[in-house]
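Work through the exercises below with the coordinates open. Each task is followed by a solution in steps.

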Amino acid sequence: MSEKRDMTVTRVPIVLPIIPLRNEVVFPNQLLPITVARKKSLRLLESLGESESTLAILTQRESSTENPTYSDLYNVGTLAKIMRTIDMPDGSKTILIQGQHRIRLVTYLQDNPFFKAMFESLFDENKTNDRIDALMSNIRKLFKRTVDLSSDITYEQLVMVSNIKEPGALADMVASFSSFTIEEKQDVLITIDVEERLKKVNILMNKKLQTLELGEKIQSDIQSKMNKMQREMYLREQLKAIQNELGEGAEGSEIKDLREKIQKANMPPDTLKIAEKEVTRLSQMHPSSAEYTVSRTYLDWLIELPWGQSTEDNLDVVNVQNQLDKDHYNLTKVKKRILEYLAVRKLKNEMKGPILCFVGPPGVGKTSLGKSIANAMGRKFIRISLGGVRDEAEIRGHRRTYIGALPGRIIQGIKKVQSNNPVFMLDEIDKLGADFRGDPSSALLEVLDPEQNYTFSDHYLEVPFDLSKVLFIATANMAEPIPPALKDRMELIEIPSYVEEEKILIAKNFLIPKQIQEHGLKPENIEFTDEGLRFIVNSYTREAGVRNLEREIAGVCRGVATSVAKGDTAKQVITHEKVEEYLGVIKYFSETAERINETGIAIGLAWTPVGGDILFIESTQMEGSGKLNLTGKLGDVMKESASAALSYIRSKADEFHIDNSFHEKRDIHIHVPAGAIPKDGPSAGITLFVSLISLLTNRRVRSDIAMTGEITLRGSVLPVGGIKEKVLAAHRAGIMKVILPEKNKKDLSEIPEQIKNEIEFFFINRMNEMMDLVFENKDAT
């Protein structure tokens, strides 16, 4: 089927005055009122005669341009006929125009006193084909759907569109009625091809309809939500009325009270949301249900935790130091570390609490030092004992699904003191256990990690709690049993054993005043002499700390209290004799001289969890076939040291003036007394060597000398640990000479000056260097 051109162009130009139009596009056949206020446009209207009623309407490219030029106007517009003119009170005019047909600019003629130009007319030619019919039908459907969704288009306009048969006119009318942009309308106006014009209007109508349908869906969703909220509110009001009728209305005041407490608890935003959600759940439960009690207990825990409650630190470093010195004697390392922390806190307010671990023998004041630190800093104090704890839930708590579930001991302690920055002591951390219920030491990894504990999550609470402000102090007798990962998170500070003079000063300044007060005595009832205290320390105690010393002092005070209660008011001066009177038979005495009264005996130095100790090593020989027998509950390392010492002696038999065949005819037995106590380690190597040399050369070892050091098959003496504790043990036993490996010379810096002045030290690199040091001058008889 052949097609005709759809537009007729009139080649005869016509001259028309121009009115520039803002924010609107005039289409052919469109009836539109226009307000004319600009001077050029008013001059144009005044110049028109009564018979002149046609003009050109061109749309401005930019509506903000007040005085447009030719370049500011589109080239295609509409020839319009003025139907009516109305003068307005403000000097402007309103004209009612009707579009006639499209016009295209040929050339501009003038711009003053108004715009005038030459145009050519553009007329549509009717043509039909299947595509045009389909486009027209689709436009009518889209326009009808748009009328249903939009209030901008009237039903009368829908009727007008439905009655138009010409395709070009249909496109123009739909475009004029629709809320397209100026650019989109102008694009329709300048489209000469009718089919192309219909396609563009189709696209624009689809786009408009999609926007309207989306808006309709959004409005429908909002309305649905509002209806649901109104329904819920109505049902809640009904529920309240029913509860009031049943006498259950009192529940409302309890829920209201909980909500007020939650708002005052200063919870973090995320925790606050969870608490409010739980209250809402609680309000929907019956008070007699089991779940109600569980939920209420959980809320009470959340409300009562000190989310924002902190005590103010005492940052006066001098004052804190005086307080620590007043409570504890010496302990320089610990006090220095606490003062450093406070000094940094004074300079930088936001600082995470340190994680300290005091390692030392029993009775040296680790636990009481924690209390002293809390008092000096002005903080609350919590202590939990971890000895024997085997259940992870002790630390992290139980989940609320279990009956009787509670938070762990960390959160319980925080709640008890009502402060989020206390001094928290974890006592006996080296005695944690593990079984099928979990590993508590693994649970402590989060608690004692400053990079994690600001979001510590208890299984019961299931919300994060900030532990970063807490000053954690752990205590242990030994560092070895502590798991490596846990040990890595703590700053270990060793608290050493006390020497005799330190014990006497501690007794005078701390223990005696405390026991006098606890036993109802007065200073005028009792007085301890230095001689009496020294006698108690050496003859009634054998310890690294002062716990037993305090116990013996308490025993003396009880004896004096008994005398005072009987009417004896005379002041009791506690001397050597008085101590024996009140405490009975001496418990400990120095046995070194008596023990070393024959060959084959040497004194070694050992480290134990409760401090240093002296060790007697005895050797004897008998007829046999060269066997070496070791007794005294010795570990593998100690047995290997004995074998190494014997092998070295055999290899150097000539040098030591020993019969080369001694091992063929004789059995040797080495015994370490206190056979019920396990013993191990390489540090007894030189003592085993000296004991064997003494036995085989028949030379007696000096009773005033002790030794420690590891040996090798080549005769070297290697360094060992625990030097301070071992030297203090030698001093307690009255030993005045000590042999140490040369490489342990540096460790003497940790030993008090008084001890170093009273003990003579010998440092050796080779085993044969001590031959002239350890033996008496004459052979044993």
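Buried means under 20% relative accessible area, exposed over 50%, and partly exposed in between (1.4 Å probe, protein chains only). The model is predicted: local features need pLDDT of at least 70, side-chain atom pairs count only at pLDDT 80 or more, and totals for chains, interfaces and linings use all residues. Residues are numbered from 1 along each chain as its sequence is written, and side-chain values use heavy atoms, with hydrogens and water left out.

**Exercise 1.** Determine how helix α4 sits relative to the rest of the structure.

Step 1. Helices (H or I, at least four residues) and strands (E, at least two) are DSSP runs, numbered from the N terminus. Helix α4 covers residues 167-177.
Step 2. The buried residues of α4 include Pro167, Asp172 and Phe177.
Step 3. Because 11 of the 11 residues are buried, α4 is largely enclosed by the rest of the structure.

**Exercise 2.** Compare the radius of gyration of the chain with that of a compact globule of 781 residues.

Step 1. The radius is taken over C-alpha atoms, and the globule rule is 2.2 Å times the number of residues to the power 0.38.
Step 2. The rule gives a value near 28 Å, but the chain has 52 Å.
Step 3. Along the principal axes, the C-alpha atoms fill a box of roughly 160 × 75 × 50 Å.
Step 4. Of the 781 residues, 47% are buried.

**Exercise 3.** Describe the nonpolar surface patch that contains Met226.

Step 1. Like charges are joined within 9 Å, nonpolar side chains (Val, Leu, Ile, Met, Phe, Trp, Tyr) within 5 Å.
Step 2. Met226 is located in helix α6 (residues 194-245) and is partly exposed, because its relative accessibility is 41%.
Step 3. An α-helix has 3.6 residues a turn, so residues three or four places apart point the same way.

**Exercise 4.** Examine the backbone at Pro113, Gln418 and Glu428.

Step 1. Most residues other than glycine have a negative phi, and most peptide bonds are trans.
Step 2. The Asn112 to Pro113 bond is cis, with omega near 0 degrees; Pro113 lies in the loop between β5 (93-110) and β6 (116-124).
Step 3. Gln418, in the loop between α14 (409-417) and β9 (423-427), has a positive phi of about 55 degrees.
Step 4. Glu428 has a phi near 55 degrees and lies in the loop between β9 and α15 (440-447).

Key
Patch = residues over 30% accessible without salt bridge, like charges linked within 9 Å, V, L, I, M, F, W, Y side chains within 5 Å. Areas by Shrake-Rupley, 256 points an atom, 1.4 Å probe, with all protein chains shown as cover. Salt bridge = Lys/Arg side-chain N within 4 Å of Asp/Glu carboxyl O.
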